Amino acid sequence: MKSIGVFTLSALQPTCTRLALVATLLLPSAALAQPNKAPVPVRAAPVELEQISNPVEALGTAKAWEFVSIRAGVTEHISRVNFESGQRVKAGDVLVELSHGEEKAELARARATLQRYERDAKRLRGLVTKNLTTREQLEAAETQVAETRALVDGLQARIDDRIIRAPFDGQLGLRNISVGSLVTPTTEITTIQDSARLKLDFTVPERQLSAISGGMAIEAASQAYPNRVFNGEVMIVEARVDPQTRAFTVRGRLDNRDGQLKPGMLLRVRVVANPRRALTIPEAALVPLAGEQSVYVVKKTEGGHMVQRREVQIGQRYEGKVEVLTGLSQGDQVVTRGTLHIRDGQPVAVEVENGAHKQ
C-alpha cells in the first residue's frame with residue numbers, strides 16, 4: 001500500500017502542473033501585471049517669447065579709422081621738433097619745422113615789392129581819372145601787382161611745406177627723427193592714427209550674402225578682453241565676391257572711445273542678422289523621432305498633471321535653446337528632464353527649480 005500511495009502521488013503531479021498552467025492562462029492579463037499609475041517626477045520649463053537672431057560669425061582685423069605716415073614733402077634739415085612719441089594732437093598742430101630761413105627772407109622781399117607796386121597802381125588809378133596818364137600804364141602796374149602777389153603766395157607755400165602739421169585729431173606713433181636730421185620725402189617722421197573709431201574688415205562665405213546688409217548690429221570680442229563685448233554696425237558690403245575664395249568682404253564700424261582696442265587686433269565678429277521675437281524652449285525638451293521633433297507638454301488634470309506628446313517645427317538653435325516655429329504657444333510648459341521615462345498621457349509630478357512639486 002505504501003508503494004501504491006507513492007505511485008499515486010507521482011502519477012498525479014504532472015496533471016496538477018498542467019491544471020495550474022491552464023488556470024494561469026485563463027486569468028485576465030490585468031490580474032497578472034497592473035500598470036504603474038504613480039506619477040513620474042519630471043522637470044518642466046515654460047515656452048518663452050524672446051528676442052533672437054540668426055548670427056553670422058567670422059574673424060576680422062581692426063583698422064584705424066584714419067591712418068597717415070607723416071613725411072616731408074621736400075629734402076631739408078629739421079630745425080625744430082614739437083612732439084613726443086605717443087602724444088595726442090589736434091588737427092593743425094605743428095609737429096616738425098624744417099629749415100626755411102632763405103624762404104622767409106625771399107618772402108619778406110617779395111612782400112615789400114608787392115606793397116610798392118600796390119602804391120604805384122593806386123596812384124596811377126587816381127591819375128587816370130584826371131586824364132593825366134594812360135590806361136596802358138595803369139594796366140601794366142596792375143599786372144606787376146598780380147605777378148608779385150603770386151610770387152608771395154608761392155613763397156608762402158614753400159614755407160608751409162617746411163612746417164609739418166597734424167592732418168587730423170589723433171595719436172602719434174614713434175618719433176623717428178631728431179633736430180638736425182636730414183629728411184627726404186621717403187623718410188617716415190612718425191605716424192598718426194585716429195582710433196576713437198575703428199574699421200573692422202572680415203570675410204563671409206558667399207552663401208550668406210543675402211543675410212548681411214548695411215546697418216546691422218555687430219558684436220566683437222577679443223582675447224585680450226574675454227569678458228567684454230564691443231558693439232558696432234555694418235558699414236558696407238563689398239560689391240564683388242572673390243572668385244578664388246568664394247567669399248566677400250564686409251566692413252564694420254566699432255566705437256573705441258576708451259582706446260582699449262588697437263589697430264591690427266584680431267577680433268571674433270558676430271553680425272546680428274534677422275533680429276526678431278520668437279518662441280523658444282530649452283534644447284533638452286526636444287524628443288527626436290524618425291526625423292521629426294516633438295516635446296511633451298504638461299497638462300493639468302483633476303488629480304494632478306499629465307503629459308501630452310506634441311510635434312513641433314523648430315528653427316534657429318543657440319546657447320542651449322531652440323526656436324519653435326509651430327506647435328506651441330507662449331506660456332506652455334514642456335518637459336526638460338525625464339523625457340525618457342514618460343509616454344503620451346503619462347501622469348507626472350512636475351518639479352520646479354527649487355525641487356518643490358508644482359501644484
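Predicted model: local features only at pLDDT ≥ 70, side-chain atom pairs only at ≥ 80, totals over all residues.
With which residue does Arg 175 form a salt bridge?

**View 1. The salt bridge between Arg 175 and Glu 84.** Arg 175 pairs with Glu 84, and their closest N and O atoms are 3.9 Å apart. Arg 175 is partly exposed, its relative accessible area being 33%.

**View 2. The salt bridge between Glu 351 and Arg 43.** The closest N and O atoms of Glu 351 and Arg 43 lie 3.9 Å apart. Because Glu 351 is in strand β19 (residues 347-351) and Arg 43 is in strand β1 (residues 40-46), the pair ties together parts that are 308 residues apart in sequence. Glu 351 has a relative accessibility of 22% and therefore counts as partly exposed, whereas Arg 43, with a relative accessible area of 18%, is buried.

**View 3. The salt bridge between Glu 142 and Arg 125.** Here the closest N and O atoms of the two residues are 3.3 Å apart. Glu 142 is located in helix α4 (residues 135-161) and Arg 125 in helix α3 (residues 101-129), so that the pair links distant parts of the chain, 17 residues apart. Glu 142 is partly exposed, at a relative accessible area of 33%; Arg 125 is also partly exposed, at 39% relative accessibility.

**View 4. A network of salt bridges.** The structure holds 21 salt bridges.

Terms used: Residues numbered from 1 in each chain as written. Heavy atoms only, no water. Salt bridge = Lys/Arg side-chain N within 4 Å of Asp/Glu carboxyl O. Helix = DSSP H or I, 4+ residues; strand = E, 2+ residues; numbered from the N terminus. Buried < 20%, exposed > 50% of the residue type's maximum accessible area, 1.4 Å probe, protein only.
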